[in-house]
Amino acid sequence: EFNELAAAGCIPYLRALRERGIAGRIRVPAPHNRSAVWTSLLTGVRAHRHGVLHDRQPRDDRLGVVPIASTRCQAPRVGELLCRAGLHVHQIGCPASHPAAALNGIVVSDRFALEAPADAAKAASGRPWVHPPDAAREIFLRRIGPAQIDEVAAGGLVPREVRTLPDGELLHQACRVFLAETETLFRAADLSLNVRPWDVTLVAL
């Protein structure tokens, strides 16, 4: 439990973040998975109307499952509505946003940080991770991986004492992945805000 770990001093950075901000349990409509909840937030309708019911969907050949695609959404998201009204909208890392939609701004899909090719030259078009294509190269150059997260940053989330537990090293690596994904999306958002005009920016870290 978060409160127990915080009280024991095991997660000082997360504890400080919560103390400086606002935290609490959010009541959300079913189904309770990240893609469905975020899509409900961005569309203003429940899952049975927008059509994103799960984090995954069947593969085209029906031989497995893949992460849910943005094309499954059957209701307009707030970013689309704002663009129709003539506003410039950046959308960074929002769940169930892959492939990146063509908005009047920069869009970085939720799968960009962990799945996009490491070589920016191989993904010059940006699609399906980044839109528009002419923003892709700079976005790709700001991407970092778990191996680039230093020990101090990861150690702030998982102290050495915790790493000695049976699953401590797995937790440590998971924190590196989390920090790399968050830093990548933060860099993408920072770049977007500074190189393109915008009226509204939606960021999910």
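Is aspartate 134 buried or exposed? I looked this up in the model, which is predicted. Aspartate 134 counts as exposed, because its relative accessibility is 61% and the cut-off for exposed is over 50%.

**Entry: its partner.** I checked what aspartate 134 meets. Its side chain forms a salt bridge with that of arginine 196, at 2.8 Å, N to O. Arginine 196 sits in the loop between H10 and E6, and aspartate 134 in the loop between E5 and helix H7 (136–141), so the pair ties together parts 62 residues apart in sequence. I noted arginine 196 as partly exposed, at 24% relative accessibility.

**Entry: other salt bridges.** I found seven salt bridges in the structure. One of them joins glutamate 183 and arginine 187 at 2.9 Å, N to O. Both residues lie in helix H10, four residues apart, about one turn of the helix. Glutamate 183 is partly exposed at 28%, and arginine 187 is partly exposed at 31%. I also looked at arginine 77 and glutamate 80, whose side chains meet at 3.6 Å, N to O. Here arginine 77 is buried at 9%, while glutamate 80 is partly exposed at 24%.

**Entry: the sheet.** I traced an open sheet of four strands, in the order E5-E4-E3-E6, with mixed pairing. Its edge strands are E5 (130–131) and E6 (200–203). E4 (residues 107–108) pairs with E5 in the antiparallel sense over two bridges. Valine 107 has histidine 131 in E5 as its bridge partner. Helix H10 (residues 168–195) lies across E3 (89–92), E4 and E6, and runs at about 170 degrees to E3.

**Entry: the surface.** I picked out a nonpolar patch of Phe2, Leu14 and Leu17, with about 250 Å² of accessible area together. Leucine 17 belongs to helix H2 (residues 12–20) and is exposed at 53% relative accessibility.

Key. Residues are numbered from 1 along each chain as its sequence is written. This is a predicted model: local features need pLDDT of at least 70, side-chain atom pairs count only at pLDDT 80 or more; totals for chains, interfaces and linings use all residues. Side-chain values use heavy atoms; hydrogens and water are left out. Two strands pair if DSSP finds at least two bridges between them. Contact means heavy atoms within 4.5 Å. Axes are lines fitted to C-alpha atoms, for helices over the stretch in contact, and angles run from 0 to 180 degrees between N-to-C directions. Patches are made of residues with over 30% relative accessible area and no salt bridge: like charges are joined within 9 Å, nonpolar side chains (Val, Leu, Ile, Met, Phe, Trp, Tyr) within 5 Å. Accessible areas come from the Shrake-Rupley method with a 1.4 Å probe; for residues, only the protein chains shown count as cover. A salt bridge is a side-chain nitrogen of Lys or Arg within 4 Å of a carboxyl oxygen of Asp or Glu. Buried means under 20% relative accessible area, exposed over 50%, partly exposed in between (1.4 Å probe, protein chains only).
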